[in-house]
Amino acid sequence: GPALVLTDPAPPPPGEGGYVLVCPTTDPAWVPLFVRAKGLVMETGGVLSHGAIVAREFGLPAVAGLPGATRRLKTGQTVRVDGGRGTVTVLGGQAG
């Protein structure tokens, strides 16, 4: 899905959703963004981090512990998140 890169929690964008949330880390303030997300990419954390646990509860693929994700990925790029392998692949869109 299309990446939504945020460095601070914000209200979910209007529309259908279906974005891959890319962020530094999460805490409860980020949870409203999970509702319409298709996946999660976090710069910090691991399988027991807040974001990974909440992503599992929402049935979302997640990759945690990917330093520099908010700098390397851009909002609107199409990305694939493979939580089982711990990979994020850019499929299309502008990188800058």
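**View 1. Strands β2 and β3 run side by side.** β2 and β3 pair in the parallel sense, over 5 bridges; two strands count as paired if DSSP finds at least two bridges between them. Strands here are DSSP runs of E with at least two residues, helices are runs of H or I with at least four, and both are numbered from the N terminus. Keep in mind that this is a predicted model: local features need pLDDT of at least 70, side-chain atom pairs count only at pLDDT 80 or more, and totals for chains, interfaces and linings use all residues. Residues are numbered from 1 along each chain as its sequence is written, and side-chain values use heavy atoms, with hydrogens and water left out. Zoom out a bit and you'll find 4 strands forming an open sheet in the order β1-β2-β3-β4, with parallel pairing. β1 (3-5) and β4 (62-63) stand at the edges with a single partner strand each, so one side of each has no neighbour in the sheet.

**View 2. Met 42 sits in strand β3.** Met 42 counts as buried because its relative accessibility is 1%; buried means under 20% relative accessible area, exposed over 50%, and partly exposed in between (1.4 Å probe, protein chains only). Opposite Met 42 in β3 stands Cys 23. What does Met 42 touch, leaving aside its neighbours within four places in sequence? Its contacts include Cys 23, Thr 26, Ala 52 and Val 63, where contact means heavy atoms within 4.5 Å. Thr 25 is 17 residues away from Met 42 in sequence, yet the two are 5.5 Å apart in space, C-alpha to C-alpha.

**View 3. Thr 26 lies in the loop between β2 (19-23) and α1 (31-34).** Thr 26 counts as buried because its relative accessibility is 9%. Its side chain joins that of His 50 in a polar contact of 2.8 Å. To count as polar, a contact needs a pair of N or O atoms within 3.5 Å; within protein, one must be able to donate a hydrogen and the other to accept it, and residues adjacent in sequence count only if both atoms are side-chain atoms. The Thr 26 side chain also reaches the backbone nitrogen of Gly 51, at 3.0 Å.

**View 4. Phe 34 and Phe 58 make a tilted aromatic pair.** Their rings are 6.0 Å apart centre to centre, with 40° between the planes. Rings of Phe, Tyr and Trp (its six-membered ring) pair if their centres lie within 6.5 Å; planes under 30 degrees apart are stacked, over 60 edge-to-face, and the rest tilted. This pair links distant parts of the chain, with Phe 34 in helix α1 and Phe 58 in helix α2, 24 residues apart. Buried or partly exposed: which is Phe 58? Phe 58 counts as partly exposed because its relative accessibility is 37%, while Phe 34 is buried, with a relative accessible area of 1%.

**View 5. β5 and β6 form a hairpin.** Strands β5 (residues 78-82) and β6 (residues 87-92) pair in the antiparallel sense over 5 bridges. Arg 80 stands opposite Thr 89 in β6. Between the strands are 4 residues, and Gly 86 takes a positive phi near 75° in this hairpin.
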